[in-house]
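Morning, everyone. I have one structure to walk through, and I'll keep it brief.

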Amino acid sequence: MANVRITIADDHEIVRDGIRLLLEDEPGFEIISEAENGKEACEACGKYNPDLVIMDITMPKMDGIEATKKIKKEYPDIKVLALTMLSEDQHIRKMIKAGASGYILKSAGRDELIKAVNQIMEGQHYFSDGATQSILMELVNPDLSKKNQPEDVHITEREQEVLKLIVNEYTNQEIADELFVSVRTVDAHRRNLLQKTGSKNTAGLVKYALKNNLLD
């Protein structure tokens, strides 16, 4: 199995060095680039094509939220693991909406970091226990739990284009031809749409699009 190629994005060199030390000796992991801000993280994705970006939330020039949105739009196959502090609950929610596959605390140890990377690369989500409790508190309040409402799901412009073509019964190949992208990219957009909307299949995507007036 090929190594998991990782980019580390954090504006503090000591944090990047720490993550590198935790991961570089782990079999199957390869740190291929580092970035000091969100802009550099996006550029690294274009230049090095990592499998995963470990992304700090608060960075200069472009923060982790905007960088994640841009990366998921331009490189939908690249996974993002948010790097967070306990005080950043509001930002964590925005990172997940932007397309991050999970988040881990900066205080996490080696075992948890490895677990998070592996889980995300298997197509799952990972949420650090330490930062989850305050977020989950909202879910016990019915007024705050509005699952899959449009304001809670960030669908990129390109994903919306793909969704419209799916609703119009285009195949992946036809969508690829229409948007001048590869079939692999279309398939990644489709998977992201299923994940973000909580849909099980194409029929669910169509239902979601119609319910939330996404086809205007």
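Predicted model: local features only at pLDDT ≥ 70, side-chain atom pairs only at ≥ 80, totals over all residues.

Start with helix α2, residues 38–48. After the helix comes asparagine 49, with a positive phi near 50 degrees.

Which residues of α2 are buried? Gly38, Ala41, Cys42, Ala44 and Cys45. Down the axis of α2, these fall within an arc of 160 degrees, so they line one face of the helix.

Strand β3, residues 52–56, brings us to aspartate 56. Buried or exposed? Aspartate 56 is buried, at 1% relative accessible area. Its side chain makes a polar contact of 3.3 Å with the side chain of lysine 106. Beyond its neighbours within four places in sequence, aspartate 56 touches Ala9, Asp10, Asp11, Gly64, Leu83 and Lys106.

Last, the rings. The count is one aromatic pair. Tyrosine 103 and phenylalanine 127 sit 5.2 Å apart, centre to centre, with 45 degrees between the planes, and the pair is tilted. Tyrosine 103 is in β5 and phenylalanine 127 in β6, so the pair ties together parts 24 residues apart in sequence. Tyrosine 103 is buried, at 4% relative accessible area. Phenylalanine 127 is partly exposed, at 34%.

Technical notes:
Residues numbered from 1 in each chain as written. Heavy atoms only, no water. Phe/Tyr/Trp six-rings, centres within 6.5 Å; stacked < 30°, edge-to-face > 60°. Helix = DSSP H or I, 4+ residues; strand = E, 2+ residues; numbered from the N terminus. Buried < 20%, exposed > 50% of the residue type's maximum accessible area, 1.4 Å probe, protein only. Polar contact = N/O pair within 3.5 Å; in protein donor to acceptor, adjacent residues only side chain to side chain. Contact = heavy atoms within 4.5 Å. Arc of directions from axis to C-beta.
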